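Please keep the structure in view while reading.

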Amino acid sequence: MDAFASFFDSQSASRNRWTYDSLKNFRQISPVVQTHLKQVYLTLCCALVASAAGAYLHILWNIGGLLTTFACLGCMAWLLSTPPYEEQQKRVALLMAAGLFEGASIGPLIDLAIEIDPSVLITAFVGTSVAFGCFSAAAMLARRREYLYLGGLLSSGLSILLWLQFASSIFGGSAAIFKFELYFGLLVFVGYVVVDTQDIIEKAHLGDLDYVKHALNLFTDFIAVFVRILIVMLKNSAEKEERKKKRRN
């Protein structure tokens, strides 16, 4: 209870501190940590470019599927099993390969979005980037460890989400359950953007400067948020088309 009380106290305090001057205040982040964050976000951008290349390869040759998903998980496991600060080029290459396979894996969804409405794909990516940037900035400007209390709560939420997905795949699910999974999952992974960003800053303060692993954490968050935003927008676009057809008839 003390942890939750301190969390809500810090939340109210942060609202009082939220001014224009706070946007320029990075005194809590040392130059070493700032350099580390630049490396993390640069590596993240490269992984997203690799993911876009993977989606494009799927559109050309239809390579996305279960095999690319397993290949992505294999690259991630290989990366995490490789000791940090050793063979950094190899670890960066594994991250790019994971991004490539991940892009190919979500390629069918992107292909569907292009067929329905290409503008939805662009809007979903821009919306994800804006949300990701805003929540990352909020975590950077907050006091150290302020949002780390959310980690346990989000882990519980993720467990509930995985159970719902498993139950739906085995026993079947209604449209209402699917919508709940979609929006609840979006909320959980947006929360992980905040927690993972502050966790990266905290670890960097303690000397953990493994930018490849930290970029991987943010990459998985970005893709999870992007996929859910894209599905929401595709669903809304499909509903609008159905309404137009009914009006015409």
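## Handedness of a crossing

A crossing of two helices is called left-handed if the near helix is turned anticlockwise from the far one by less than a right angle, and right-handed if it is turned clockwise. The model described here is predicted.

## H6 and H10

The crossing of H6 and H10 is left-handed. Helix H6 covers residues 107-116 and helix H10 covers residues 211-248; their axes lie 11 Å apart, at an angle of about 30 degrees. Angles under 35 degrees count as roughly parallel, and H6 and H10 are therefore roughly parallel to each other.

On the H6 side, the contact is made by Leu-109, Ile-110, Ala-113 and Ile-116. H10 contributes Phe-226, Val-227, Leu-230, Ile-231, Leu-234 and Ser-237. Sorted by class, the residues of this contact are nine nonpolar, one polar and no charged.

## H3 and its two partners

Helix H3 (residues 31-61) meets helix H9 (residues 175-205), where the axes come within 10 Å and cross at roughly 135 degrees. That angle makes H3 oblique to H9. The crossing of H3 with H9 is right-handed. Val-33, His-36, Leu-37 and Tyr-41 of H3 make the contact with Thr-197, Ile-200, Ile-201, Ala-204 and His-205 of H9. Six of the contact residues are nonpolar, three are polar and none is charged.

H3 also packs against H7, with the axes 14 Å apart and an angle of about 165 degrees. Angles over 145 degrees count as roughly antiparallel, so H3 and H7 are roughly antiparallel to each other. The crossing of H3 and H7 is right-handed. Its contact joins Leu-37, Tyr-41 and Leu-44 of H3 to Phe-132, Ser-136 and Met-140 of H7. Five of these residues are nonpolar, one is polar and none is charged.

## The nonpolar core

Which residues have the most contacts inside the largest nonpolar core? They are Leu-37, Leu-95, Ile-110, Val-225, Phe-226 and Leu-230, in a core of 53 residues. The elements that give two or more residues to this core are H3, H4 (66-81), H5 (88-105), H6, H7 (118-141), H8 (150-171), H9 and H10. H10 gives the most, with 15 residues.

Leu-230 touches Leu-109, Ile-110, Ala-113, Val-120, Leu-121 and Ala-124, leaving aside residues up to four places away in sequence. Leu-37 belongs to the H3 contact with H9 and also to the H3 contact with H7.

Methods. Residues are numbered from 1 along each chain as its sequence is written. This is a predicted model: local features need pLDDT of at least 70, side-chain atom pairs count only at pLDDT 80 or more; totals for chains, interfaces and linings use all residues. Side-chain values use heavy atoms; hydrogens and water are left out. Axes are lines fitted to C-alpha atoms, for helices over the stretch in contact, and angles run from 0 to 180 degrees between N-to-C directions. Helices (H or I, at least four residues) and strands (E, at least two) are DSSP runs, numbered from the N terminus. Angles under 35 degrees count as roughly parallel, over 145 as roughly antiparallel, 65 to 115 as roughly perpendicular and the rest as oblique. Contact means heavy atoms within 4.5 Å. Ala, Val, Leu, Ile, Met, Phe, Trp, Tyr, Cys and Pro count as nonpolar, Asp, Glu, Lys and Arg as charged, and the others, Gly among them, as polar. A nonpolar core is a set of buried Ala, Val, Leu, Ile, Met, Phe, Trp, Tyr and Cys residues joined through side-chain atoms within 4.5 Å. Buried means under 20% relative accessible area, exposed over 50%, partly exposed in between (1.4 Å probe, protein chains only).
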